[in-house]
Structure formats: structure tokens, C-alpha cells
Number of protein chains: 2
Amino acid sequence: MIYYETLSADDLKNEIEALEKRYNAFKEQKLKLDMTRGKPCSEQLDICMDMLDIPAKELRKACDGTDCFNYGVLDGLPEAKALFAEMLEVNTNEIIIGGNSSLNLMYDTIARAMSLGVMGGTPWSKLEKVKFLCPSPGYDRHFAICELFGIEMIVIDMKQDGPDMDAIEKLVSEDETIKGVWCVPKYSNPDGITYSDEVVNRFAALNPKANDFRIFWDNAYCVHHLSDKPDMLKNILTACKEAGNENMVYIFASTSKISFPGAGVAVMASSVDNINSIKKSLTIQTIGHDKINQLRHVKYFKDVDGITLHMKKHAAILKPKFDMVLDILEKELGGKEIASWNKPNGGYFISLNTLDNCAQEVAKLAQEAGVALTKAGATYPYGKDPRDKNIRIAPTMPPVEELKKAIEIFAICIQLVSAKKFLK
Amino acid sequence: MIYYETLSADDLKNEIEALEKRYNAFKEQKLKLDMTRGKPCSEQLDICMDMLDIPAKELRKACDGTDCFNYGVLDGLPEAKALFAEMLEVNTNEIIIGGNSSLNLMYDTIARAMSLGVMGGTPWSKLEKVKFLCPSPGYDRHFAICELFGIEMIVIDMKQDGPDMDAIEKLVSEDETIKGVWCVPKYSNPDGITYSDEVVNRFAALNPKANDFRIFWDNAYCVHHLSDKPDMLKNILTACKEAGNENMVYIFASTSKISFPGAGVAVMASSVDNINSIKKSLTIQTIGHDKINQLRHVKYFKDVDGITLHMKKHAAILKPKFDMVLDILEKELGGKEIASWNKPNGGYFISLNTLDNCAQEVAKLAQEAGVALTKAGATYPYGKDPRDKNIRIAPTMPPVEELKKAIEIFAICIQLVSAKKFLK
């Protein structure tokens with residue numbers, strides 16, 4: 001039962017008055033708090049700083065003798081392929097090392113499909129209609145790529161163990177214009193959930209009507225644990241192979257939130273056939289990506305154990321922030337039945353659902369008190385949350401003291417907006 | 001008069017015999033000499049090595065306070081824009097700092113035009129036919145992009161001061177399907193010539209039938225002088241503005257052959273309208289390029305004088321190689337009227353024309369003696385040199401002693417192939 005429904009009219013008025021008092025006290029502080037994007041905080045960036053002090057002479061020769069200061073090597077240094085293949089649990093011939101941005105790799109993959117088609121298929125731009133399935137809430141930058149290229153987006157509900165697979169199975173098997181689905185399978189953006197083995201198996205066993213249907217598996221948070229008991233994600237490429245669908249998935253990842261956002265190494269993994277097909281046009285697009293930065297990352301992390309160890313340092317900084325947010329939410333909103341949220345084991349976000357038709361108002365009210373949240377609706381295709389209830393909290397970037405204030409204000413706003421709904 | 005025409009049948013046979021003897025002597029050495037690509041040599045890469053030893057702490061904060069270790073900054077750091085705007089003689093709001101590859105920027109520009117159109121125009125992929133003008137001999141990687149996207153290429157002859165402008169003016173004014181022209185205006189690839197002011201002015205004053213016609217001005221060798229009296233190239237963007245055509249040109253450059261090929265900084269310059277239009281989709285493609293590497297370059301070079309000084313070190317290494325090649329060509333081929341070539345003031349190539357229908361045979365013969373040349377025909381669209389006479393010499397990469405042998409073998413091959421044409 002929603003807390004405000006249990007109150008008398010007078011008690012409700014008093015409650016709102018008390019909330020407004022707290023709200024205005026914060027407002028008077030003229031704060032400027034930013035929780036819009038999932039950016040690492042300054043302390044996180046400190047821990048990787050010494051990677052940039054590896055001497056130049058150690059960055060020159062790759063293990064196969066390649067001069068990393070010169071042109072060449074389209075798909076990545078052997079040692080970079082080995083490191084990131086291990087991280088993604090794929091073979092070294094199933095990976096391409098890209099530039100500094102996995103988003104750019106995803107964009108390129110869609111752009112290539114639009115102009116050139118997928119593995120010899122008709123270029124998507126030549127088709128009357130192209131659709132993508134968009135498990136939502138999801139990542140706004142995925143949806144923005146679709147919107148730019150005129151790809152129609154279909155919202156798929158998210159459940160506690162992944163997207164609604166009944167809906168996905170039905171749609172892809174019936175509709176040839178559905179060419180892809182966006183997934184953030186581990187510590188999902190924004191829900192923070194990890195797809196169950198069953199969900200992964202059902203993805204791998206899809207029987208799409210379109211031959212050139214692909215799963216865009218953005219494993220952005222593959223090693224980004226907050227807990228000592230991290231979630232386990234079943235390997236999608238292995239599952240696809242077992243199901244006889246090995247060409248159906250593109251996997252993406254990067255070190256943006258491992259080393260440096262914007263100066264890390266992005267990677268893409270897929271079947272050998274897909275990789276070879278991509279390389280045919282990639283070789284026209286570029287001579288090769290930044291090998292010096294690849295070697296820098298390999299020298300620094302050495303192997304996946306090195307990455308795992310490094311990620312514990314990130315977790316040590318982030319865990320207290322997530323805990324604090326969850327504590328305040330519980331303290332302010334717990335038991336009131338006016339909001340629900342997840343307690344993620346990793347990733348960069350806490351996703352919160354308000355009562356229906358409250359999210360935009362909450363975000364507006366928070367903004368007026370100096371707290372910038374990710375735009376309400378941003379987690380849905382076209383920025384339209386059908387029930388106007390999802391808000392993505394990005395607790396990583398602000399310093400602890402700022403974050404504390406921001407979340408308190410945010411929680412007050414949720415209570416205010418909800419309470420007013422019940423005022424007769 | 002061609003030398004071999006002046007010889008008696010016996011003298012010609014003796015000549016060929018002597019050449020074959022020299023050729024076979026080289027062949028027996030089982031050499032493996034590579035002149036296929038315009039790559040810097042190892043000594044050139046040494047001179048920039050200390051850029052990579054700039055301490056991490058100096059690479060963190062940009063002049064405007066931006067944390068270069070974190071996400072953000074779509075179009076480049078202010079100081080990077082300032083440096084490269086100065087290098088290209090444009091304003092800081094007329095430039096975008098890209099990733100590690102200007103080829104990738106050019107590819108993206110074509111890909112964007114194909115999928116999304118140019119400044120609101122119809123996407124080129126929706127048109128029945130798209131054509132590009134290709135001054136030839138030219139850069140094979142430009143032509144490869146067109147071929148990949150199914151853009152029909154029209155060969156335009158190169159003259160001593162640039163492309164045949166009569167032909168270009170006529171074609172673009174009559175044919176709406178012509179959407180672009182490839183140019184390497186300074187120390188051109190492969191001819192090594194610099195466009196005259198008149199040619200630049202005529203480009204700027206073009207009156208294309210297609211509104212979305214663009215000049216792709218690949219100023220790859222803008223500061224790559226071999227002489228103390230460098231060629232001067234008129235500023236195309238200024239010329240376009242003066243002619244009322246300011247949106248007609250895209251300019252590209254990179255530090256690939258200034259700092260590190262594959263780990264440098266690529267840039268693109270154009271009118272403010274074009275730049276703003278590009279940024280609208282670039283912001284969907286990526287959050288930003290590698291700011292740490294941008295700052296590294298700015299700290300190292302400081303300003304254009306720093307780049308100019310640095311390029312003198314490259315010239316000191318390259319000039320003797322170019323001189324040696326030209327000396328051997330003159331000694332072996334001079335006055336024989338069987339080959340012609342330029343003496344470039346900068347850039348990375350010497351372009352040589354044999355007699356008609358000899359280039360492929362020369363390349364094959366050289367290959368058999370262990371000298372790999374850029375594939376004959378590669379300097380023309382579709383790899384088809386209509387008169388089969390152009391060969392691109394890339395003298396930068398091989399060590400001097402290897403280069404000497406390679407060019408001598410190459411010159412012997414030209415004489416052999418030519419002489420045999422006159423054998424009755």
C-alpha cells in the first residue's frame with residue numbers, strides 16, 4: 001500500500017510541508033550537482049596514471065617484432081588480441097582491436113550494415129524499413145545510433161533476469177525487417193542486472209527471419225564488479241556456436257572504465273566469418289588503430305588477472321558511493337511503495353522507477369534545486385518512457401559529500417511529487 | 001629520340017645482354033627489398049620518441065581545465081585546435097580534431113554522405129549514381145574508398161601544376177551525379193607536385209551542378225618539405241570563401257608522418273557550416289577522440305614553429321634518399337627518353353612514367369629480382385592505368401644501402417623492358 005494513501009488529508013499536508021521545507025533549504029544552497037552521465041570520478045583516473053609513465057622505449061616493439069611507431073596492423077597487436085580475447089573469453093582470431101571507443105565500433109558496425117550490408121546481404125539503406133529491438137530501460141547512445149540512421153525502434157520490456165525473451169523470440173521469427181537487438185548483458189545500463197543463463201541460451205537459439213539479424217552485445221561492464229561475489233554471465237559466442245548460430249552476435253567492450261575514458265582501447269569480438277567480413281571493409285577505412293596505446297595497456301595489465309586486480313581498486317572507490325545511495329534511498333523511500341530500485345553487483349548505474357507519470361516532474365524539481373539527472377525518458381527509444389517512471393542514477397562521478405546531498409534532494413523530490421498526487 | 005631506336009640490331013642485342021647480366025647478378029643475391037608503401041623509416045620514428053616520455057601528470061589538465069583522462073570533448077582540446085588550425089591556416093572554429101587516422105576521417109566523411117547526405121541533402125546511397133573525379137596518378141586508398149561504396153570514378157589527367165582544370169570545370173558544371181573530387185594538393189601523391197595558385201583559384205571558383213559537391217583536399221604533406229625553399233600552396237578555404245563557395249571544401253591532414261604513423265593526431269577543417277553539420281552526427285558516433293594524445297602532441301610541438309623545426313629533422317633523413325634515387329635514375333636513364341620523373345620538393349614519393357605498356361612488366365621483373373614496388377596501376381582508379389606507364393617509387397622506408405640496390409635494379413628493369421620493345 002502506498003504510504004501517502006494511508007495518511008489523512010491533514011497529515012498528508014503536513015508531510016508535504018515538511019518535505020518542501022527540506023527541499024527549499026537545499027535550494028537556498030544554490031548547489032550545482034551533476035549526476036547525468038556514467039563517468040568515473042577523478043580518484044578512479046588517478047589509479048591508472050602510471051600507465052602513461054611507461055618509458056617510450058618499452059612501447060616500440062611488439063612481441064612479433066612489429067614497430068609500433070610505424071603504420072600497419074589492421075586488427076591489433078598479437079599481445080593485445082591475446083589479452084582482450086582472454087577478457088572476453090573468445091579466441092584470438094575472433095577479435096578486432098579498435099580505437100578509443102566501443103561506441104564508435106558499434107556505430108561503425110551499423111553504418112557498415114547500412115551502406116554495405118552484413119556478410120554480403122542487401123545494404124540496410126536499400127530496404128524500405130529496418131527495425132531494432134530495444135530492451136528498455138537501456139542505453140541512450142545505442143538508441144541514438146538507431147535514430148540517426150532511421151532505424152525504427154521497438155521497446156522490449158526488461159525483466160529481472162534480462163529482456164522479455166518471449167517477445168523477442170516471437171518478433172524476430174516473424175518480422176524480416178528486424179535486423180538487430182541491443183543488449184548490455186552484464187550489470188546492464190541502467191538496471192544493473194546480469195542476464196541469466198536461460199536468457200543467454202534463448203538469445204543464442206533465436207531463429208530470426210532475417211539472415212542478417214545480429215545481436216549487439218555491448219559487454220561494457222564485463223569486469224566492472226562492485227562485489228566480491230560478482231555476477232556470472234554465460235559466454236554468448238560459445239552459446240551461439242552450440243546453437244548453430246555462431247554468426248549471430250557482435251560483442252563489444254572497451255577499457256574506457258578500466259583505464260581511461262576516451263583514451264582506452266575498444267574491442268569487438270565475433271565469429272571468424274563475421275570478423276573476416278568486417279576486416280574486408282575495415283582495411284579500406286583505416287591502416288590500423290593506435291598500436292602504442294595497445295602495447296601500453298598490455299604492458300600495464302599484463303593479463304586478465306592484472307585487470308581483475310585493477311578493477312578491485314575501482315570497486316573500492318565506487319562501492320561506498322553505491323552503498324550510500326542505496327542507504328539514503330532506503331532511509332527516505334523504503335516501505336513507502338512510491339519507488340523501486342535495484343541493488344546492482346556492478347556497473348555504473350542504479351535505475352529507479354517512480355510511480356507512473358512522475359519521473360519528468362521529479363527530474364525537473366531536482367534540476368531546480370541544482371541537481372542535474374540524466375534526462376527522464378533518456379533510457380527509452382526516442383527519449384519517450386511510456387509510463388514516465390524510469391530515472392537513471394549515475395553515482396560514480398560526484399565526490400561523496402556532493403553525492404550525498406544530491407541523492408537526498410532527489411529522494412525528497414520523489415516524495416514531494418508522489419505525495420502531491422494524493423492531495424485531494 | 002628514344003635511345004634504343006638509335007642503335008643497330010646488334011648493338012641493341014649487346015645492350016640487352018649487358019643489362020641481363022647486371023639483372024641476373026642482382027637476382028642471384030636473393031634480395032628482399034620493399035618500396036611498396038610511403039612509410040617513414042626507423043630513424044625518422046626515433047626523432048619523436050621522447051614525446052612518449054612526457055610525464056603523465058603533464059597530460060592530465062587541458063588549458064580550459066578539462067580532465068583529459070575522462071570522457072568528453074567531441075571536437076578536440078582548445079590547444080589542439082589552436083595548433084592544428086595554425087598549421088592548416090584556418091580558424092579554430094573551422095577544425096575538428098579526430099582520431100589517429102586522416103584516412104578514417106575521409107572514409108567517415110564519405111560514409112556519412114552515403115548514409116545521411118551532405119548538409120541536409122539526399123543521402124548519396126539513395127541516388128541512382130554517384131561519381132567522383134579522380135586526378136590520376138593519385139592515392140590508391142582514396143580510390144579504394146570510392147570503389148567500396150560503389151562510387152564511379154572518372155580519371156582526370158594530372159598536369160605539371162595540378163589536375164586538368166578544364167576537364168574538371170566542364171564535368172562538374174554539367175553532371176549533377178558528380179559529388180566530389182580527390183586532391184593531394186601539396187607534394188602530391190605520387191607526382192610530388194604542388195598545385196599552382198591558378199589551379200587553387202579555379203577549384204575555389206567551381207560552379208558544380210550538385211549542391212552537395214565537395215572537394216576532398218587531402219593536405220597530407222602540408223609541412224613535409226625536402227628543400228629549404230618549400231613549395232607554397234594557396235589556402236583553399238580562404239579561396240573558397242572569396243569565391244562565395246565556402247562550404248565546398250573538406251580539408252584533411254594528420255601528424256602520421258610528423259609524429260607517429262598510426263598513433264598521431266588526424267584533423268579535418270572546413271567551413272563553420274560544414275563543421276557544425278558534421279558534429280551533429282559525430283556526437284552520435286563517439287563521445288570524443290583521444291585527448292591525452294592530443295595534449296601530448298601540443299606539449300611536444302608547442303606551435304607551428306615547433307612542427308617546422310621538427311620537420312627539418314625528417315628532411316635531413318629523407319633528402320639524401322631522394323637525391324640518391326634521382327641520381328641513379330639520371331645516371332641510368334637520363335637522356336634515353338624511355339622514362340620521365342619529377343624532382344619533388346617534398347612529400348613521400350617519386351612518380352615515374354615508363355614508355356606506354358611497360359609499367360606492369362617492369363614491376364614484375366623487379367619483383368622477380370626481389371624488389372617489391374607499389375603495384376603498377378595502383379595510382380589509377382580500379383588499379384587500371386590506361387597507358388600502363390606509371391610507377392610510384394616510395395624511397396623513404398628502406399635503409400640507404402638497400403634503397404640504392406633497389407633503385408638500380410628498378411632502373412635496369414626499365415631499360416630491359418624498354419630495349420626489348422625495339423628488338424625486331
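How many bridges join E3(A) to strand E4 of chain A, and which way do the two strands run? The points below take this up, along with some charged residues. The model is predicted.

1. **The strand pair.** Six bridges join E3(A) to E4(A). The two strands run parallel. E3(A) spans residues 131-136, and E4(A) spans residues 152-159. One pairing can be named: Ser136(A) has Asp157(A) as its bridge partner in E4(A).

2. **Cover on E3(A).** This strand is mostly covered. Six of its six residues are buried. Both faces are covered. On one side lie Lys131(A), Leu133(A) and Pro135(A). On the other lie Phe132(A), Cys134(A) and Ser136(A).

3. **A negative patch.** Asp50(A), Asp53(A), Asp50(B) and Asp53(B) form a negative surface patch. Both chain A and chain B contribute to this patch.

4. In chain B, Asp53(B) sits in the loop between helix H2 (42-46) and helix H3 (78-88). Its relative accessible area is 42%, so Asp53(B) is partly exposed. Buried would need under 20%, and exposed over 50%.

5. **Glu89(B).** Glu89(B) lies in the loop between H3 and strand E2 (95-97) of chain B. Glu89(B) counts as exposed because its relative accessibility is 55%, and the cut-off for exposed is over 50%.

6. Glu89(B) and Ala253(B) are 164 residues apart in sequence. In space, they are 12 Å apart, C-alpha to C-alpha.

Conventions. Residues are numbered from 1 along each chain as its sequence is written. Chains are lettered from A and ligands numbered from 1 in the order in which they are written. This is a predicted model: local features need pLDDT of at least 70, side-chain atom pairs count only at pLDDT 80 or more; totals for chains, interfaces and linings use all residues. Side-chain values use heavy atoms; hydrogens and water are left out. Patches are made of residues with over 30% relative accessible area and no salt bridge: like charges are joined within 9 Å, nonpolar side chains (Val, Leu, Ile, Met, Phe, Trp, Tyr) within 5 Å. Accessible areas come from the Shrake-Rupley method with a 1.4 Å probe; for residues, only the protein chains shown count as cover. A salt bridge is a side-chain nitrogen of Lys or Arg within 4 Å of a carboxyl oxygen of Asp or Glu. Lys and Arg count as positive and Asp and Glu as negative; His and the chain ends are not counted. The place of a charge is taken as NZ of Lys, CZ of Arg, CG of Asp or CD of Glu. Helices (H or I, at least four residues) and strands (E, at least two) are DSSP runs, numbered from the N terminus. Buried means under 20% relative accessible area, exposed over 50%, partly exposed in between (1.4 Å probe, protein chains only). Two strands pair if DSSP finds at least two bridges between them.
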